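Work through the exercises below with the sequence and the model in view. Each task is followed by a solution in steps.

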Amino acid sequence: MSASATSPTDLDSVDAFAQRVLDSVLGSMDTLAILLGDRLGWYRSLAEDGPAAADELAARTGTHPRYTREWLEQQAVTGLLGVEDGDPPRFVLSPAGREVLTDPHSLSYLAPLARMICGATMQLPGLLEAYRDGGGVSWSRFGRDVRESQADANRPLFEKSLPGALRSIPEIDRMLGEPGARIADIGCGGGWSTITLARTYPGSHVHGVDIDPPSVALARSNLATESRTDDDVAQRVTFTRCDASELPAGHFRAAFAFECLHDMPRPVEVLAAVRRSLTPGGFMIVMDEAVAETFTAPGDDLERLMYGYSLTVCLPDGMSHTPSAATGTVMRPATLRRYALDAGFTAVDVLPIEDVGFFRFYLLRTG
Ligand SMILES: C[S@@+](CC[C@H](N)C(=O)[O-])C[C@H]1O[C@@H](n2cnc3c(N)ncnc32)[C@H](O)[C@@H]1O
């Protein structure tokens, strides 16, 4: 190693390096097993119907008893399930496990992350091809697991943390609270942010737009389910399939882009269209990853996570269109600032919102 190269000192020995790689492999296996438990309904059954022996869980979930036993034993060995002694033994999901793996409203709900990783893994042949020839793998090709994972992962943050975060900034709260305020939510995905904005501001009309037809269908279905208990929201939310670079001019009081700008192949074009779509004095808020100001290695868990997403999903998605800014998940503040100013916004502020997941909120001003 050259004198100037940096390396984490705790990986200097072959044994430590090998252990680190083995830990990564074990983590990948846990992730695949979490996907099985999530998609086959095993966690949900253990959470809702209580502890079970292998045959019992297989019968409850319509799965094969031999595979069910192998999965239960793997989960116990890796420490995610407990075991009640007996013949046969029964397997237990703890209250903490229930929340992390099965509660879609919890801020600690992490099962969707396994779906994201496994959905990306299924596209490995396309990813290898893209890495060789500079092409990409589009969001639509990543398909259902990745789309639903994204929506489910951010839903609790939107429902639980977004309203308080917006209300904590008086200037923003006042404008969003104006009677009849028209708000755009670009790249709305499954629509949970759109629905939350409408609930938070009862005088508003919120328009979710997304370029991906299945995402629009998912958002409409989520709205239909939600409006069974809240008809008013259904009257004030619309979901449209639309490229955000084609928004109507002079139409919205405010616009939001939640965790989507870094995926877009032409972010400046989209931001310029959003700016034109705003009424005088209107503003845009971009919520994107709270990565560090500059590249530093080794990085913390947030940087590791975002580079992981970038390698497997976001950069290939962005590069699946030509031309592409090829931003990737690790969109640092200076990059966002440059995009916004190039698009004609007059200033970019980082909002004092620090407790919403992995995210940073940027306020893009028009005047
Ligand atoms: C990572 S997902 C984020 C979805 C949602 N905002 C959330 O936080 O769950 C990015 C979304 O942006 C959408 N998208 C990408 N480019 C777009 C464009 N030019 N116009 C509208 N939507 C776009 C994708 O279809 C996808 O649904």
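**Exercise 1: The sheet**

In this predicted model, strand 3 (residues 182–186) and strand 4 (residues 205–210) run parallel and are joined by five bridges.

Solution. 
- Step 1. The open sheet holds seven strands, ordered 5-4-3-6-7-9-8, and its pairing is mixed.
- Step 2. Strand 5 (237–241) and strand 8 (347–350) are the edge strands, each pairing on one side only.
- Step 3. From one strand to the next, the twist averages 20°.
- Step 4. Helix 15 (residues 333–342) packs on the sheet and touches strand 7 (278–289), strand 8 and strand 9 (359–365). The direction of helix 15 makes about 150° with that of strand 8.

**Exercise 2: Helix 1**

Describe the span of helix 1 (residues 14–39) and state which helices its buried residues pack against.

Solution. 
- Step 1. Helix 1 has 26 residues and reaches 38 Å from first C-alpha to last, close to the 38 Å expected.
- Step 2. Ile34, Leu35, Gly37 and Asp38 are buried in helix 1.
- Step 3. The buried residues of helix 1 pack against helix 2 (42–49), helix 4 (65–78), helix 5 (95–102) and helix 6 (111–121).
- Step 4. Gly41, with a positive phi near 80°, follows helix 1.

**Exercise 3: The whole protein**

Does the radius of gyration agree or disagree with that of a compact globule?

Solution. 
- Step 1. For 367 residues, a compact globule would have a radius of gyration near 21 Å.
- Step 2. The protein has 22 Å, which agrees.

Definitions and conventions
Residues numbered from 1 in each chain as written. Predicted model: local features only at pLDDT ≥ 70, side-chain atom pairs only at ≥ 80, totals over all residues. Helix = DSSP H or I, 4+ residues; strand = E, 2+ residues; numbered from the N terminus. Expected span 1.5 Å × (residues − 1). Buried ≥ 20, exposed ≤ 12 C-beta atoms within 10 Å, placed from the backbone. Contact = placed C-beta atoms within 7 Å. Rg over C-alpha atoms; globule rule 2.2 N^0.38 Å. Pairing = 2+ DSSP bridges. Axes fitted to C-alpha atoms, helices over the stretch in contact; angles between N-to-C directions.
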